[in-house]
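Welcome, and please take a look at the model below.

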Number of protein chains: 2
Amino acid sequence: MSFKVPDGFSVAGVSCGIKQDTSKLDLTLIASDRPAVAAGVYTQNRVVSATVVFDRTITPCKNFRVVVINSGNANACTGEQGARDVAQMAQLAARAIDAPAEAALVLSTGVIGVYLPMDNVDAGIQTAADRLAKTETALIAAAQGILTTDTHHKLAVRELTLGAHQIRITGMAKGAAMIGPNMATMLAVIMTDANLTKDDAQRMLGEVVAETFNCISVEGHMSTNDSVLLLASGAAGGETLSGADLVAFHGALRDVCTELAMAIPGDGEGVTHRITIDVDGCKSREEAHAIAKTVAESALVKTAVAGADPNWGRIVSAAGYAGVAFDPAGVSLSVNGFQLFDHGCPVEFDEASVSTSIHENRETRIELTFREGAASVRFWTTDLTQEYVRLNADYHT
Amino acid sequence: MSFKVPDGFSVAGVSCGIKQDTSKLDLTLIASDRPAVAAGVYTQNRVVSATVVFDRTITPCKNFRVVVINSGNANACTGEQGARDVAQMAQLAARAIDAPAEAALVLSTGVIGVYLPMDNVDAGIQTAADRLAKTETALIAAAQGILTTDTHHKLAVRELTLGAHQIRITGMAKGAAMIGPNMATMLAVIMTDANLTKDDAQRMLGEVVAETFNCISVEGHMSTNDSVLLLASGAAGGETLSGADLVAFHGALRDVCTELAMAIPGDGEGVTHRITIDVDGCKSREEAHAIAKTVAESALVKTAVAGADPNWGRIVSAAGYAGVAFDPAGVSLSVNGFQLFDHGCPVEFDEASVSTSIHENRETRIELTFREGAASVRFWTTDLTQEYVRLNADYHT
C-alpha cells in the first residue's frame, strides 16, 4: 500500500541540526489548509515536557492549523526557558504558514534537560514550511523527522467510504516508552480528512488510545513527553460524522492506532521477541489491563521469553502480584498455543517443543484466562535481552 | 562477632537430596525447647505456596515448637498434593522433636510447580532432628540450608540488656524477590529469647518488615513464597517485655532486619551496585515508598547505574509516574552526594566526577527530595546488568 496524506493536509520533514548526526531528519511540520479539529492525549507523568504543558491547554480545539515536531531534544525539565521556547516554536510555525499563533501545536522528543538550539529550530521551521507537500515522499520524510532511536519510520493508513465520501486516516508514530539512552517518548500524530466535531474527536481518541498505545510497554518507564494527536481537516466533505458512519470511523481509527502501537514494541531496542498478552475472564477491563501490564513488565517473564524458556511459574506469579483479586484455581495459561497450566495446576507438556516454538518465532503469544468475569484485554510488549541492557548502560564504557 | 543461637532454640541444617547438587544443604530445622511465640508476615501474591496457606492460619501463636524449612523446591502451584505435603512435613517435624503436630510451621523455597520428594524430606527431618544444636556451626548450617541462588549465607545478631536480662536476637535470611532462574522467594527467620506476647510479636514484626524487607527489590517480581517469621522463646527470663524495654527490643529487631534486608540486594544475581534510595519531603510514608519503589524498579535507572551514568532525567521521570501527586518545581536530586537537580531545574555538574564515583563504588546513593511534607523512606535495590539477563534467560543456550 502506498502511503497518502489525507485531504487538507501537507507535510514536511527536514534536518536542522538538533541531532548531532545531520544526515538524520529532526524537524517535522504538519499543516492543515483550513481550520481543523485537533484532539490530544498526553502522558500521565507528573514531570512533563514544556510541550505537553502547552498543548494540553489548547486541545481539543477546532481552529488547528499546524503542528511542529522536533526530535533529538525533549524540551523536558527545562524550566521557564523551555516554556518560552515552546511558545516561540508555535509562533514561528504559525507565522510560516500565515496562520494565527493560537492555531499551532508543538511536540518534542529526545534528550531531557537540554535547551533547544532555537536558531536551528527557527531555520528548520522555515525550510519545512517551504517544502510542505502532499506526496508520499514528503509523508515519509515527516515520519522520519520524529524518530529518535527507532530503526525505521512507522506509518499506517486506512481508507473507508462513508456515503458519498472517501475518508482517509493516516498515522505516524515513533519510539516506545523510554527505550533509548537519554531518549524519551512515544509520539503519534493521526491525520484524517473526515469531518468530526472536536468532542467526538477527543472522546474517540481517548477510547482508542486506551486500547492501543496504553496497551504497549517496553520497560514500563513512562516518559515525560508521550503525546498522541488526532487532526481532522474535514476536507473529505459532508456533514460531521454521526451514527453508523462515526462508528465505522472509530473502528478504522482503532485499526490505524493498533498497527502503529504494535510497531513500537516490534522496534524496541535489543528486542528479539514481540510478546502479545491476551488476558481473558476478568471482572473488568481495568483488572485485565493491570494483570497484562504486570506480566508485560516482569523482568523475569521478559528474560524467560528471550531465553525461549516456557517458564509458566514466572507468568502466573506475576499475575498474582498485579493487585487484582482472583481465584488461583481458576487460572489457565497457554504460550504459543501450548497449554502449560490448567485451572490452577501445571500440565505435562513437552518443554523442548514449546521452547523451539518460542525460539523460532519473533512473535510470542501468552494467553492467560481467569474465571472472574467476561472482561479481556490485549497487550503488547518485548522480551528483555543483554543487548537492551548494553544499549542502556553503555555510557562510559 | 560470633553468631549465637538465642536461649531456648537449637538448630540444624542438612542435605537430603532435594537439590541436585548434594554438596549443598537443603533442609533446616529450628526448634524451641518450650512453647514459644511465633509471628509471621507473608507474601501478598494471590498465587502462593502451600506453606504460606498453611502457616498463615497458625501464626501468631504461642505454642510454637519447630519450623522445618526446605530449599530447592518452593511447593508452589502444586495443588492438593502440595497441601498434603506441607501437612506431612509439619507432622514429621513435630514428631521428630516430640511436639504436638499443631506446634510446627513449614517454609519452602525453590522451583515452582514440582512436587516435593517426600521420602528425602522425611529422612532429612530425622537427620536434622538428630543434629539439633546451639553451636555457631549448627547456626551457619541452618542458615545455609535455606539458600537457593544466594552466594553466601546471611545472618545478623543483636544483643541487649533489659534490666537483669540479657536478650539475644538472631536472624537468618535468603534470596531476594525472585532473582534466580526458576527460583522464588525471600525467607527470613528471626529467633529471640525475649519474652513477648504474641500480639506484640505480630505487631512489631509487621512494623519492622514494612521498614526493612518491604523496602528491598531486585527486579520487583513478588514471589509466591515470601515469609518472615519471628520466634520468641522467652528463655531469657523475666516478665513479658513492655514500656521502654519493648521499645528497645523493637529497635534491636529493626536493626537485625535492616542488616538482613540490605544483605539481599547486596547478593543479587549479576549485581555490580547496591543502590540506596532516600526519598524525603513527602506527604506520607506510603507516598514516599511508592516513589522509591518506582525509581528502584525502573530498568532505565538500574541500567544507568550499571553503566555509571549520572542520568538524572531517568530518576526524576521515574518519580513522576509513581502515581503520587507532587510539584515538579519542588524536586531536588543528588547522587553519591553530588547535586544534579535542584528544585525542578538541572544543575551544572561534572559528569566525569559523578560517573567515576558511581563506577568506583559498589554502593550508590540516590537522594530525592520533595517539598510536600515531612515523610521519608529508605529503600534498597540493585543495578541491572547484562549478567542478570544472561543468568535469567540462559535456559536453552
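Helices (H or I, at least four residues) and strands (E, at least two) are DSSP runs here, numbered from the N terminus. This is a predicted model, in which local features need pLDDT of at least 70 and side-chain atom pairs count only at pLDDT 80 or more, while totals for chains, interfaces and linings use all residues. Residues are numbered from 1 along each chain as its sequence is written, and chains are lettered from A and ligands numbered from 1 in the order in which they are written.

**Two residues and their surroundings**

A residue is called buried if 20 or more other C-beta atoms lie within 10 Å of its own, exposed if 12 or fewer, and partly exposed in between, with C-beta atoms placed from the backbone. A:I30 has 30 other C-beta atoms within 10 Å, so it is buried. Two residues are in contact if their C-beta atoms, placed from the backbone, lie within 7 Å. Setting aside neighbours within four places in sequence, the contacts of A:I30 are A:F9, A:V11, A:V66, A:V67, A:A142, A:V189, A:M191 and A:L231. Its C-alpha atom is separated by 16 Å from that of A:V157, 127 residues apart along the chain.

Over in chain B, B:R131 belongs to helix α3 (residues 118-131). B:R131 is partly exposed, because 17 other C-beta atoms lie within 10 Å. Beyond its neighbours within four places in sequence, B:R131 is in contact with B:A12, B:V14 and B:A138. B:R131 and B:V11 are 120 residues apart along the chain, and their C-alpha atoms are separated by 7.8 Å.

**Backbone features in the loops**

In chain A, a cis peptide bond links A:T59 to A:P60, and A:P60 lies in the loop between α1 (50-56) and β3 (61-73). In chain B, B:T59 and B:P60 are joined by a cis peptide bond, with B:P60 placed in the loop between α1 (50-56) and β3 (61-73) of that chain. B:A308 and B:N336 have positive phi values, and neither is a glycine. B:A308 is found between α8 and α9 of chain B, and it counts as buried because it has 23 C-beta neighbours inside 10 Å. B:N336 is in the loop between β10 (332-335) and β11 (338-342) of chain B; with 19 C-beta neighbours inside 10 Å, it therefore counts as partly exposed.

| Site | Feature | Value |
|---|---|---|
| A:T59 and A:P60 | cis peptide bond | omega about -5 degrees |
| B:T59 and B:P60 | cis peptide bond | omega about -5 degrees |
| B:A308 | positive phi | about 55 degrees |
| B:N336 | positive phi | near 50 degrees |

**How the chains meet**

Two copies of a chain are related by a rotation about an axis and a shift along it.

In the interface, 50 residues of chain B are in contact with 50 residues of chain A. On the side of chain B that touches chain A, the elements giving two or more residues are α8 (299-306), α9 (312-320), β12 (345-346), α10 (351-360) and α11 (386-393). The residues of that side comprise 22 nonpolar, 23 polar and five charged; Ala, Val, Leu, Ile, Met, Phe, Trp, Tyr, Cys and Pro count as nonpolar, Asp, Glu, Lys and Arg as charged, and the others, Gly among them, as polar. Because 100% of the interface residues of chain B are also interface residues in chain A, the copies meet through the same surface.

Axes are lines fitted to C-alpha atoms, for helices over the stretch in contact, and angles run from 0 to 180 degrees between N-to-C directions. Angles under 35 degrees count as roughly parallel, over 145 as roughly antiparallel, 65 to 115 as roughly perpendicular and the rest as oblique. α11(A) and α11(B) pack at about 170 degrees with their axes 8 Å apart, and are therefore roughly antiparallel to each other. A:Q386, A:V389 and A:R390 of α11(A) make this contact with B:Q386, B:V389 and B:R390 of α11(B).

How do α11(A) and α8(B) pack, and at what angle? Their axes are 8 Å apart, at an angle of about 65 degrees, so these helices are roughly perpendicular to each other. A:V389, A:N392 and A:A393 of α11(A) meet B:L300, B:T303, B:A304 and B:A306 of α8(B). The residues of this contact divide into five nonpolar, two polar and no charged.
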